[in-house]
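Hi there,

Here is the structure I promised to pass on to you. Have a look at it first, and then read my notes below.

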Amino acid sequence: VRVVAVSVVLVVHLVLSFGADGAEWQSSVPIVTGYWVAALLIALATRFSEPVRRHAGLALGAVDLPVLFALQRHILYNSPSGPRGVAHFTLALFCMAVALSALGVSARQSLFVGAMSSLLVLVLEREAGDVPGTQVMSLLTLAVTTAAAVVLVARVRRLLGRVAVEEQKRARLTRYFSPSVARQLEQSGLDVAADQREVTLLFS
């Protein structure tokens, strides 16, 4: 998905670089090209390496956010909205990135993306000339967004854990009972968990 999205962005930059405002778009082509190469390498690494695949979600904070920061910093003084407008728009984009990080169902990933977003936004807002109060509010906004993402991840993981337990119970029932009996036991709500006891059998 990342490779396809970055490929589209690269093609757009290349096409627009031949337009009336081609100089501004053409100056961003090296950044987007580097991003495309990085995305391709990540895709290949996740395809052939299990450790990389397990930590692929961290690429959102390690690759995507720095590239977005570089692009926004590149237009910091050329945008009609001015440096502060660019910095505040970047804050909104980073909040979206933190929210999207929850899709990985990993609190570590969300915390990493939140930390990287805070660092990069702070650097960009200082360069844009924002007052300290605005910088503090931006950090608080990212902190709240990150906390919400972590809470959401925790709830989703608990829900998935409950679903897994129910699936195990259902599989155990269908293993030892007929489907109709297993269905009745499941609907009755009886606790059918395994229990270990000492018993004595008498034979006559």
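The buried residues of α5 are G82, V86, A87, T90, L91, F94, C95, A97, V98 and S101. Please keep in mind that this is a predicted model.

With 20 residues at 1.5 Å a residue, α5 should span 28 Å. Its end C-alpha atoms are 29 Å apart, so the model agrees with that expectation.

V105 sits in the loop between α5 and α6 (107-128). The phi of V105 is positive, at about 50 degrees, although V105 is not a glycine.

The largest pocket holds about 940 Å³ of space. Its lining is made up of 34 residues, and those nearest its centre are V9, Y35, L68, L71 and L93. Two or more lining residues come from each of α1 (2-16), α2 (22-48), α4 (59-74) and α5 (82-101). Which of these elements gives the largest share of the lining? That is α4, with 8 residues. Sorted by class, the lining of this pocket has 20 nonpolar residues, 11 polar ones and 3 charged ones.

Enjoy exploring!

How values were computed:
Residues are numbered from 1 along each chain as its sequence is written. This is a predicted model: local features need pLDDT of at least 70, side-chain atom pairs count only at pLDDT 80 or more; totals for chains, interfaces and linings use all residues. Side-chain values use heavy atoms; hydrogens and water are left out. On a 1 Å grid over the protein atoms alone, a cavity is a set of points where a 1.4 Å probe fits but cannot get out, and a pocket is an open set with protein on both sides within 12 Å along at least five of seven lines; lining residues have an atom within 4 Å of a point. Grid points are joined across faces, edges and corners, and a volume is the space filled by probe spheres set on the points. Helices (H or I, at least four residues) and strands (E, at least two) are DSSP runs, numbered from the N terminus. Ala, Val, Leu, Ile, Met, Phe, Trp, Tyr, Cys and Pro count as nonpolar, Asp, Glu, Lys and Arg as charged, and the others, Gly among them, as polar. The expected span of a helix is 1.5 Å times one less than its number of residues. Buried means under 20% relative accessible area, exposed over 50%, partly exposed in between (1.4 Å probe, protein chains only).
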